[in-house]
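Here are my notes on this model, point by point. Please read them with the structure open.

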Amino acid sequence: MLNEERIKLMTKMACYEADEGKKNVAIGSYFRGDYIGLQVIKSIISGTIAFVIIFAMYILYDFEVFMADIYKMDLFGFAKTAIVDYLIFIASYAMVSYGVYTYRYTKARRSLKNYYNNLKKLSYLYDKEVKNRDYKEI
Amino acid sequence: MTTLLVYREQLKKFYSKYELYITPVMKFLLALLTLVMINSSIGYMGELKRFVVVMVLSLMCSFLPMNFIVFVAAAVTLGHLYKFSLECMGVALVVFLLLFILYFRFSPRDTIAVLLTPLCFILKIPYVMPIAMGLVGTPVSAVSVASGAVAYYTVSYMTNSASMLNTFEDDETLEKFRYVVDGLLGNKAMFITIVAFVATVVVVYFIRRLSVDYSWTIAMITGALLDVLILLFGDLMYNTKFSIVGVIVGSVVSVLLVKVLEFFVFNVDYSRTEFVQFEDDEYYYYVKAVPKNTVAAPQKRVKTIRVPEKAVRQQKRD
């Protein structure tokens with residue numbers, strides 16, 4: 001027999017899963033620390049790539065001067081400033097992404113709570129249906 | 001006003017009925033418009049301007065995700081710039097890459113703002129974007145709008161200085177590169193526009209969330225005024241040669257446009273017809289969930305009043 005109430009609930013949940021739920025369910029499958037950690041690591045990688053690009057542009061811009069001065073300049077000092085700049089850049093970018101992903105994780109969890117409640121309700125409806133059927137058979 | 005409301009209801013009904021077809025068509029039109037705009041403003045590569053290529057790309061965009069349009073637009077722009085000058089393409093590639101790597105990791109949904117901002121710039125109504133994004137987005141949308149402005153100014157600077165770039169010799173690659181980078185970093189108009197747009201998005205967002213009557217309208221007008229104010233102030237400070245009349249007229253037109261958008265798009269829930277499938281122990285379900293229309297649009301009823309022939313005859317006789 002078709003159970004109308006259950007079909008309605010399942011449809012509602014399937015709609016959620018198809019739309020915003022898809023992302024949230026993916027996020028919800030992680031522990032908080034794992035999710036945020038993974039995203040921050042990804043951010044650090046992309047931030048590093050961005051920094052390398054910017055640094056390459058910077059060198060290229062003054063390429064002739066740079067090549068002329070390369071034997072005279074304090075290479076150690078230059079590397080030190082570059083590394084300090086890199087660390088500041090990466091740290092601030094990682095902090096921003098930490099904030100963003102913490103917010104996202106909390107939001108996804110909150111949204112999933114409703115979904116999990118619906119799941120419980122669904123399983124309750126199932127149980128009820130099975131019991132009813134068994135009862136009728138007896 | 002009632003007619004408009006009815007019209008809106010009908011539009012909503014129409015959309016929910018044919019959503020499956022309307023969305024791809026809209027995407028196709030957006031992609032087509034984007035490509036035509038890019039081709040007409042920086043069409044250096046003849047191959048990309050061919051009708052078949054434009055059509056095929058637009059058709060591809062119509063059934064692929066929205067972000068694909070942004071990707072295609074960026075690729076076509078780079079293609080044109082490649083033909084124009086390799087250095088310019090390098091700089092534009094770096095700008096696009098940085099935008100992509102640093103920002104779009106966070107908000108892939110906002111990418112459409114990055115596409116629409118340059119389009120609005122070409123249409124001379126860029127002021128629509130910060131107001132609209134402030135109304136429907138979050139303060140973070142400011143970054144998208146700013147990115148769009150950066151993309152537009154980068155490309156427009158390159159095409160505007162085409163004659164200057166052509167004077168460089170072939171082996172002066174570094175000088176050319178330096179000239180382009182200098183021009184971009186010294187582009188005060190770009191920075192003032194970015195400041196104005198970011199401020200507008202944030203202000204519009206906060207005002208429209210206030211719990212006062214007409215907060216949306218107040219937000220729009222305040223945003224537009226702030227935008228004009230910052231642009232004019234920047235113009236006075238840095239002599240950026242903004243056309244004052246252009247800014248004011250553009251802002252007025254933008255507010256009107258956003259008002260229209262608000263009525264037809266932002267305040268209407270074009271809830272979609274959903275097709276879902278799932279199963280339980282006994283059945284497979286293929287469900288089409290159609291949203292209920294709360295306010296029904298009145299249907300036109302034509303009532304014909306016919307005078308009985310007998311009465312007509314009687315009248316004639318009298």
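1. Terms first. Helices (H or I, at least four residues) and strands (E, at least two) are DSSP runs, numbered from the N terminus. This is a predicted model: local features need pLDDT of at least 70, side-chain atom pairs count only at pLDDT 80 or more, and totals for chains, interfaces and linings use all residues. Residues are numbered from 1 along each chain as its sequence is written, while chains are lettered from A and ligands numbered from 1 in the order in which they are written.

2. Start at Phe71(B). Phe71(B) sits in helix α4 (residues 66-84) of chain B. Cys61(B) is 10 residues away along the chain from Phe71(B), and their C-alpha atoms are 9.7 Å apart.

3. Chain A is helical. Chain A has five helices and zero strands, in the order α-α-α-α-α from the N terminus. The C-alpha atoms of chain A fill a box of roughly 95 × 20 × 20 Å along the principal axes. Buried residues make up 9% of the 138 residues in chain A.

4. Chain B has 14 helices and two strands. The box for its C-alpha atoms is roughly 100 × 55 × 50 Å, along the principal axes. Of the 318 residues in chain B, 31% are buried.

5. Now the cores. A nonpolar core is a set of buried Ala, Val, Leu, Ile, Met, Phe, Trp, Tyr and Cys residues joined through C-beta atoms within 7 Å. The largest has 68 residues, and those with the most contacts inside it include Ile69(B), Val145(B) and Val204(B). Helix α8 (residues 141-160) of chain B gives the most to this core, with 11 residues. A second, separate core of five residues includes Val40(A), Tyr101(A), Tyr105(A) and Ala108(A).

6. Look at Val145(B) again. Two residues are in contact if their C-beta atoms, placed from the backbone, lie within 7 Å. Beyond its neighbours within four places in sequence, Val145(B) is in contact with residues including Ala113(B), Met129(B), Phe197(B) and Val201(B).

7. Which residues of α5(B) are buried? Among them are Glu87(B), Cys88(B), Phe96(B) and Leu102(B). What covers the buried residues of α5(B) includes α3 of chain A, together with α4, α8 and α10 (173-185) of chain B.

8. Last, the contact between the chains. It takes 17 residues from chain A and 17 residues from chain B. On the side of chain A that touches chain B, α1 (4-18), α3 (32-61) and α4 (63-69) of chain A each supply at least two residues. Helix α3(A) gives the most to that side, with eight residues.

Key: A residue is buried if 20 or more other C-beta atoms lie within 10 Å of its own, exposed if 12 or fewer, and partly exposed in between; C-beta atoms are placed from the backbone.
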